[in-house]
Every structure is written in C-alpha cells, then in structure tokens.
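Welcome! Here are some exercises for getting to know a protein structure, each with a solution that goes step by step.

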Amino acid sequence: MRQVRLVPKYLVISVVLAALMVGVTATILSIVYRDALSDIMAAAIDTNRAVLTNRVDGRSPEVIESLASALAPAVAAGNLAQLEKLLNDAITESGAGLVLVRDTEGLLLQHAGDLGLEAGIGGGGPERGGERLTVTTPLIDSDAPVGTLVQVFDAGGLLATNAQLGQQLATIREEARRTGSVKLLGYGAIALLLIGVLATVVAWRQSRTIGSLVAGAERLATGDFGARLPTERTDELGQLARAFEEMRDKLRNTTVSRDYLDQMIGNMADAIILASVDQEILRANAAAEALLGYREEELIGRSVQDLLPNNRRDTFQLDAGPRRDHETTLLKSSGKTVPVSLSSSALPGTAEHPSGFVVSARDISERKAAERRIRYLARTDSLTKVPNRLQFQHLLQRSIARTRRSGRRLALLYLDVDRFKDINDTFGHSAGDSSLETLTQRVIKLLPDGGFIGRLAGDEFGVVLEVDEPVAGERAWLQSVARRVLKEIADVLIVQGHELYITASMGIACFPADADNVPDLIRNADAALYHAKRAGGNRLEFYNPDMNAAAVERLMIKSKLRRSYELDELLVNYQPKIELTTGEVAGAEALVRWELSDHGLVLPSEFIPLAEETGLILEIGEWVLKRVCTDLAEWQRQTVVPGQISVNLSLKQLAQPNFVRRTNRIFRRKGITPDSLELEITESTLMENPERTVRVLRELRQTGLHMAIDDFGTGYSSLSALQQFPIGTLKIDRSFVENLVSNPDDATIVATIIEMAHNLNMKVVAEGVESGQQLDFLRRMGCDYAQGLLFGSPMSGDDYLELLLRERGGETAYRGLFAGGRR
C-alpha cells in the first residue's frame, strides 16, 4: 500500500504560519511601543511647560497686585533704593530671572536679576517664548499710571530637565525594546513549538485517516468491498470517510448487481447484444456466439446491420422509440440464415439521444418448423399425406370456380371402405392405418390429370375429377373410372402377414348438374354413398334428387327414435329358437322393434345404427334387458319353461365400466336367475378390446350368464381368440345359411363351423332358416339349433307364452317340419 506522507507538509505549513504570526505580532508591538515612547516624551515636556505656566499663571493675582501696589508709590516718588529692594524681594519670592520697572515712557527705572533676559520683551500681558516667559503689569498710583512692572522667567532649566528626561526615556525605551524582543522571541519559540506539536498531531491523525481512505480506494479498485473505514470523526475528514463508506456500499451493491446481471445475461438462452448509438456491437453473450457462430471478439466492433441479410437491412433500424418486436433472419458465420424473434430497446439516456441499445434474439427455427408442420397438418392428412377435409373443400371450391369460368364440368366421388371397423377390431388400428395408406396410393395411381383425392373422415375419401367428355358420355366415363377405382381397392392387401380383401362403396355427384356449390355437392355425393351402402356395399351410386328425401327421412327418424324411447313406444319381440333333434322350443332371441304410425315398422337394421350414432343404444339396450327380465318373471309365474332367452349386447354397453354391476342389479330387482339368459356379442365387438372383453365376459359368466357369438363367420376372429373367451354358443350368420343348398362353398363353410364349434364344446345356432331344405341340411350336419322365418315371424311376449303353453300341453307347433328327416 502506498504511504501518504503529510506530516512534513503540515509541519512546514505550521512553521510558516507561526513565523508569519510572530513577525506580524512583533511589528505591531514595535510600532505601538515607539508611538507610546513618543507620546510619553511629549507628555513629559508638556508637563514641564505646564509646571512653568502653572508656576507663573498659578500665582495669585493678589500677589502681583500687591507687588504692583508696593512699587507704584516708590516709582511715583522716584525712590530707586526702595524699588531695588522690592524688586530683589520679588525675584527671590517668584523665582523670576529678571524683574524691572519702567516709567510711563518706557525708560528703565530699576531692575533686579539678569538684564540679558530683557531682549525681546513686548508690552502688555504675559508672553511665552521658546526658553522664557514674560509677565507685564501696569503700575497705578492715585489712579494714574506711573510705570510698568516686567517679570521675566527663564525656561532654560526646564529645557535641560526635559533633555535629561528624554535621555532617560530613550534609555528606558532601548531597555524595553531589548527585553520585549527577548520575551517576544521566547514566547514565539514556545508558540512555534506548541503549534508544531499541534500541527504534527493533527497532521498525523489526518494522514492516518487519509491513508485509510487511500487504502480503501485501492481495495475498491481491486474489487474488495469487505473492510470498513472508521467514521467516528466529526470533522471534514469524518464526513469524507462517511461519504466514502456510502460510496463503498453503493459500489458493492452495484458491483454485485452488475456481476449478477453479467452472469444472468451470460446464462440466458436468448442471444443478447449490446450496441452503441452508432449500432456498433459492444458486447455479446454466449447464446449470441452459439446462435451466430462467431466469438464475442469477432462480433465486437461490427455493426448490427452486418448480421442481417441484404434484403432485411432496410426493414430493421435501431432508434429511441418504444421496444420493437418482430421476426427476421440473421446471418451466421457459415453464411446460412437463422430465423429469430428480434427485440430491441434503447438504453436510458435523453429522449432523443439514448446511450445505446440492447438487442435480444431468440432462435425460432423449431417454432417455424412447427408452424410449417402445423400448416401442413392443417391442410394435409397425417396418415395418407393427402388433403384433409378442410383443404379438400378448399381445393374443391377452387376447382368449381375454375370449371365455372371455363364452362367445363367436374364430378365428386365420395368413397367409403366397407366394414372397415372389422379390420381395426380384428388386427388393430395399425393394420387399419396401413390399409388406408395402401388404398390411397392405389387410388392416386388411377387419377387422371387434374384429379385429386382427399381424406374426409376415418375411412371416407373424396375424389374430384374434371370431366372433359361430352355430356352424353359423361356418366359412362365416370362409371368406368369409378369401377376401376373400386376394383383396384378390392385387390388383395397383405397386412401383418395376412391376406385381406376389402371393398368400398361410392356415391357420385356432378357439378353443375347435381349441385353448384361445395356443401351441396358433398351432401349429395354422401346421399348417393349412403344408398350404395344400404344396397350392400361394394358398388357405386349416382346421385338423384330422391336420395335427399331419404337423407331427410333418416334425420327425422333419429329425432323420432329418442321421442319414441321416452314415450315407451319400442317393442320387444321374440323369435323362437328350435332344438333340431326334437323340434321343441329351446328358447328365443329378443328383438327390439319400432313401429311408427306414419311410417310403419322400422327395421332394426335402420334404427339400431342410428341409436349407435346418437348414443341412445345404451338406454335402449338396458331397456330391452329390463323388458326381457320382466317377461321372464311373468312366464315363470305361469310355470312354463321359456328356455334361454338371448339378448343382443352392443359394444358401447360392454364398454361401460359398471356394466356387470348394472346387469346384476337388474336381475336382483326382477327376481331372475342369470342362467335363464344368454348374451349375444358380434365378432367385431368381441375383438374391439380383447383383454378387457375377456375380463368382463368372465365376470358375467361367473354370475351364471351364457355367452354366444352372433353373426359368426362375418368377422375376423381366430380360433386362438375364441379359446380365450367363455363362449358357449356360435350363431352362423344368415348370409351363409341363405345359399348353403345352392352354393357348395357356403355349405362347406357351414359344415366347417359346426364341426369346429363341436370340437370346442360349443353349441351351434343357424340363423335365417327359411326353407325345409336348409333345415334338413343343418340337421344332417349336426347343427344344434335353428331360428328363422321357417318357424314363424318374431312374436310378442304374449304370443311366445301361448306357444310355450301349447307345447307344454303336448302340442308340438313344428312337428310337421321334423317328421320326414332324421339327424
């Protein structure tokens, strides 16, 4: 630490000040002393004169008058002897140097004393000269002047006395001067010593305090803010120390804030650049280095404008205005650009002249990529990579506008995959997705120029074709293209090692013949598709206006279905299930029916899908189960054996988390044992969620319920899957039974199903039996049960009870059907 040497400096200052003070004091004393001596000498001389004057003037007028009265007669008589005697006595008494008498003419009559003093005597009154005093008194005798008395006093003695006094005073003054000088020097030396000591002490204390301040300043320069300075002093140095402490605290806080700010800026993910008012880069953090590919040393000194591409520089400017946020691109050291969100703010200064600028930049490459991805996904189907519904409608709108301007025509082909849900249920959604991808690529290959495809829903697609054919040949051309598309779709698919055959249905609407705008064109093509699906699928239908009426009717049926359910207008009918060895009634299948007064009977194939769409299937399914349990309880009170009553179970019912508890609660309330019922589940329902379905079915089976697979052969269940489920019965779908007599393949399939079921210890029910030939074939194949119109139409609960009562009475309703054949 550098030592501060202030003691000699203050000592010299003290000595100089003390010497100046002593000199000034000595000078003043000398002047005062000299003036005092002069005043004393003048006062002494004046005193002598005053003594002489008082001696003359102080004489009593009576004495002078007495002397004058004594002399006047002698002068008048001319008695000179008496005059002489009187004058001598007067000199002796008065101490005058000369006393004389003159006559009236001024002639000297008599005198006494030194006549040499007579020179210069005037007439009348006292006169004072340099060395003598003259007093003249008239002599009156008998009121007549007779002469003049003159007295002269000699001052030479007094002057000698004054001279002697002056010499004495000079001696005294010289002695006083010597004594005063000695004392002055002594006192000055003592004062100088005291002042020096005092100055040394003061200078030492100040030197120590100032040294502490200097040391503190040096510590501050090195960033050490720990040691504090003593602030006990109340003088200026104490104030300086306190001010220094305040500065130290502020610097420490500022330094801590600055270091924290530096650390914070350095660790920020955003690039931070500090620039001067001339846009020259002064500093950049690590994020800026990483973003731009430059080191901070390479950035410092460059202009912010240098970081912008040429086409962006005109749109970016740093100014003193409010904070600006915008997106732009920056140049990296490699020459590539990076998209950033740029923000710039002016650093505090004057309103017109900021002290600099801070620029922050955030890399938005990922966000831009996400935005592009979002825009892509907003317009493109992520699975098939074709336009989604929104983009398809936009493209269709543009195509309509273009064909309208050119006077041409176009057609919309609305495509839907038949029974696509079965693929998802059986092989999983990945298999379904793979099928849709393959289907899309197959259709794209067949599209003519100007055509495009879009995915409108899960398994629904739209195809737009521009028609260049003459109006007369338009329908034939569209039909040709559509059939090629359907044929290509129907080609075998290899999914997860399995060969799949899928078909599609198609509805076609044309612009401008069928509709002149996008919504109507899509709606009309959808109506044509609906009719193609209702016709069995794997076909195409051209739109005609009557189809809209059917669509409106379908919508009305939806609304009426809920109202009918709420008004308890649904019915439950029973289709008997016949035991093929005896011809007796072994049970029945409960079928829900809906009859409208203005519409007639609505088939389950029409309203059950609508109930599935609206979610009403849950309420309807529970209502059917309650109705069946009510009828069972009534039949049991009639002491009849109704056999097992089958109830269809939908997928949504089975998916209910509390389905088992709900069914058990219904059984308890109705007083029904579960083994009187059999739940029928389709293959697709069975394979929707196999793990959960197995668990739920096992819980149901433990309560005593029986399980059956409905419409077997139409789904994609495997033998290994069948073994996992607690299934006791297989019901052969009516599509196989319908042609089993005339179609050897169907006959083989039916025979195989029967044999397989028996090998798995399952019973077999054939649905849709309508002829004796079918019945005979089934009996020969060993089928266990059959149901269909051959045994009568579905009947009400009362009719089924009557059938049971007749059979209990010994009357076999179907005896004639079984008379000629044997199993």
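**Exercise 1.** Find what covers the buried residues of helix α10.

*Solution.* Start with the cover, which includes β11 (409-417), α11 (429-446), β15 (498-500) and α19 (683-686); the contacts behind this are heavy atoms within 4.5 Å. These names follow DSSP runs, with helices (H or I, at least four residues) and strands (E, at least two) numbered from the N terminus. Before going on, please note that this is a predicted model, where local features need pLDDT of at least 70 and side-chain atom pairs count only at pLDDT 80 or more, while totals for chains, interfaces and linings use all residues. Residues are numbered from 1 along each chain as its sequence is written, and side-chain values use heavy atoms, leaving out hydrogens and water.

Next, list what is covered: Phe420, Asp422, Ile423, Asn424, Asp425, Thr426 and Phe427 are the buried residues of α10. Buried means under 20% relative accessible area, exposed over 50%, and partly exposed in between (1.4 Å probe, protein chains only). Since 7 of the 8 residues of α10 (residues 420-427) are buried, the helix is largely enclosed by the rest of the structure. Finally, step just past α10 to Gly428, which takes a positive phi of about 100°.

**Exercise 2.** Describe how α11 and helix α12 (residues 471-489) cross.

*Solution.* Two packed helices are described by the angle between their axes and the distance between the axes. Here the axes come within 9 Å and cross at roughly 150°. Axes are lines fitted to C-alpha atoms, for helices over the stretch in contact, and angles run from 0 to 180 degrees between N-to-C directions. Now look at who meets whom: Leu439, Arg442, Val443, Lys445 and Leu446 of α11 touch Arg484, Val485, Glu488 and Ile489 of α12.

**Exercise 3.** Work out how α16 and helix α18 (residues 659-670) are oriented to each other.

*Solution.* Take the angle, about 30°, and the distance, with the axes 10 Å apart. The two helices are therefore roughly parallel, as angles under 35 degrees count as roughly parallel, over 145 as roughly antiparallel, 65 to 115 as roughly perpendicular and the rest as oblique. On the α16 side, Glu622, Leu625, Lys626, Cys629, Thr630 and Ala633 take part, and they meet Arg662, Thr663, Ile666, Phe667 and Lys670 of α18.

**Exercise 4.** Which residues touch the most other members of the largest nonpolar core?

*Solution.* A nonpolar core is a set of buried Ala, Val, Leu, Ile, Met, Phe, Trp, Tyr and Cys residues joined through side-chain atoms within 4.5 Å. The largest has 81 residues, and Tyr574, Val628, Ile645, Leu677, Leu697, Leu700 and Tyr800 touch the most other members. Helix α16 (residues 617-637) gives the most to this core, with 10 residues. Another core lies apart from it, with 35 residues, including Leu439 and Ile502.

**Exercise 5.** Is Leu804 buried or exposed?

*Solution.* First place Leu804 in helix α25 (residues 797-808). Its relative accessible area is 4%, so Leu804 is buried. Not counting residues up to four places away in sequence, Leu804 touches Val585, Val640, Val641 and Pro642. Leu804 and Val641 are 163 residues apart in sequence, yet 7.4 Å apart in space, C-alpha to C-alpha.
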